[in-house]
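Reader: I would enjoy walking through this model with you, one question at a time. Shall we take a look together?

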Amino acid sequence: MAPDPLTPYGNRPMVTPIVNAVNYEYLSFEVLRQITDGEIDGYTYHRDDNPTVREVERRIADLEGAEDCVVCTSGMAACTMAYLTYLKTGDHLLIFHDTYGANYKVALILERLGVQITWLNADETERLGEHVRPNTRMIFLETPSNPLCKIIDIAAVRKAADAVGAMVIVDNTFATPYHQRPLALGADLVVHSATKALGGHNDLMAGAIAGSKENYNLLWFTRQAIGTTLDAYSAFLLDRGLKTFDLRARAMAEGAQKVAEFLAGQHKITRLAYPGLKDCPGHDVAARQMQHGFGGMLAFDVGEDEEDAKRFIAALNTIYHAVSLGATESLICIPYLTTMLYLPPERRTAFGVRRNTVRLSIGIEPADVLIKDIKQALACVAQAVR
Ligand SMILES: Cc1ncc(COP(=O)(O)O)c(C=O)c1O
């Protein structure tokens, strides 16, 4: 019998070992057959599978209430693997503008391959039935969305998808499984940029797709074919990050709620989106489909123009001016100038984002420290606008 690579000395190590092997010695032809026939979870070659990666896949599957999970090299690799696995020439993809900007680039590639694409505004979810077609194969969404925290009713999307037999995929990066479990709400698959809150420390890049065992097998085929298997060291970091995931997600949501309530009273904040605020559109749906709070992401407009937003960000001391999200440190950026650079300029502002919209990812710092920082930075925004 082959020794378990995770317990090579009999006693199980307290941390998941980093198995950096590209290939594995076959102990016998019988073991090779068992692995090839899928009878045992054995390892042969890193592009196929890796024990450190497999460990983290089980943890994420557990968090999402999934039968299994495929982990890969980045969030965009996860999105792309999902598209490539299920879409073919002539299929129709319904996707929301309110998804991470790089999906736009992948959509250009999909269109080249003959996939038909309809882009929808999250505010149009109620009219989804008018947009599905007999050949709609997939509906892809984010809720809360990036960057404006718009809320989409996952159960309603499921209903519209069922009318034409389409699958529903939810990017759960903003919400995280601590607050929202899309599979339980009717999604077929959940994708993640595990670079964000799952990893949580700005030190790894990874993606994940969780769902049924059947979907795991299909996605595993794609990953093995195109070689988007995560390296063992990043898998180890992700595994370590997950040990504190619940604690971090709770701290972020508590901090975000307090910061949002503070921002709501500031006249230099000319628009504010946080699903935990009762007057935020989508709050009722969010309250139904999210739990333990509303996540760590906020979006708001500062003053009247881009210069106001820039002045505000430049004056912050505790909150870092950086992209990415879901980290232990609070991070802020102007999406128009950063995460939306993937889009043509007119498209960046077509669906609600403005040039003075900022996206704030709350970290695990005490809320009063963040509020103090925001307060002094707002004082540097010259104009009082309301
Ligand atoms: C919601 C969301 N999905 C997917 C991605 C892509 O993830 P990655 O940068 O790990 O490829 C991001 C990145 O910011 C994101 O915010």
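Reader: Which residue stands opposite Arg-359 in S12?
Author: Happy to start there, with a note that this is a predicted model, in which local features need pLDDT of at least 70, side-chain atom pairs count only at pLDDT 80 or more, and totals for chains, interfaces and linings use all residues. Residues are numbered from 1 along each chain as its sequence is written. Strand S11 (331-333) and strand S12 (357-361) pair in the antiparallel sense over three bridges, where strands are DSSP runs of E with at least two residues, helices are runs of H or I with at least four, both numbered from the N terminus, and two strands pair if DSSP finds at least two bridges between them. Opposite Arg-359 in S12 stands Cys-333.

Reader: Which residue of S12 is the bridge partner of Met-297?
Author: S9 and S12 also pair in the antiparallel sense, over five bridges. Leu-331 stands opposite Ser-361 in S12. For Met-297, too, the bridge partner in S12 is Ser-361.

Reader: What is the strand order of the open sheet of five strands?
Author: The edge strands are S8 (269-273) and S10 (320-321), each pairing on one side only. The pairing in this open sheet is mixed, and the order is S8-S9-S12-S11-S10.

Reader: How many of the five residues of S12 are buried?
Author: Here a residue is buried if 20 or more other C-beta atoms lie within 10 Å of its own, exposed if 12 or fewer, and partly exposed in between, with C-beta atoms placed from the backbone. Thr-357, Arg-359 and Ser-361 point one way from S12, while Val-358 and Leu-360 point the other way, and all are buried. S12 is thus mostly covered, and the number buried is five.

Reader: At about what angle to S9 does helix H12 run?
Author: Axes are lines fitted to C-alpha atoms, for helices over the stretch in contact, and angles run from 0 to 180 degrees between N-to-C directions. Helix H10 (245-264) lies across S8 and S9 (297-302), at about 20° to S9. Helix H12 (306-315) lies across S9, S10, S11 and S12, and its angle to S9 is about 125°.

Reader: At roughly what angle do the axes of H10 and H14 cross?
Author: Two packed helices are described by the angle between their axes and the distance between the axes. The axes of H10 and helix H14 (367-379) come within 9 Å, and they cross at roughly 35°.

Reader: Which residues of H14 meet H10?
Author: Contact means that the C-beta atoms of two residues, placed from the backbone, lie within 7 Å. From H10 come Glu-254, Gly-255, Lys-258, Val-259 and Phe-262, and they meet, in H14, Ala-367, Leu-370, Ile-371 and Ile-374.

Reader: Why is helix H9 largely enclosed by the rest of the structure?
Author: Among the buried residues of H9 (232-242) are Phe-236, Leu-237, Leu-238 and Asp-239. What covers the buried residues includes helix H2 (51-64), S1 and H10. H9 is largely enclosed because, of its eleven residues, the number buried is nine.

Reader: Which strands stand at the edges of the open sheet of seven strands?
Author: This sheet has mixed pairing and the order S1-S7-S6-S5-S4-S2-S3. Two strands each have a single partner strand, so one side of each is left without a neighbour in the sheet: S1 (68-72) and S3 (116-120).

Reader: Which residue in S7 stands opposite Val-190?
Author: Five bridges join S6 (189-193) to S7 (207-211), and these strands run antiparallel. Helix H8 (213-226) lies across S1, S6 and S7, running at about 20° to S1. The residue opposite Val-190 in S7 is Ala-210.

Reader: Is Arg-127 buried or exposed?
Author: Arg-127 lies in the loop between S3 and helix H5 (128-131). With 11 C-beta neighbours inside 10 Å, Arg-127 counts as exposed.
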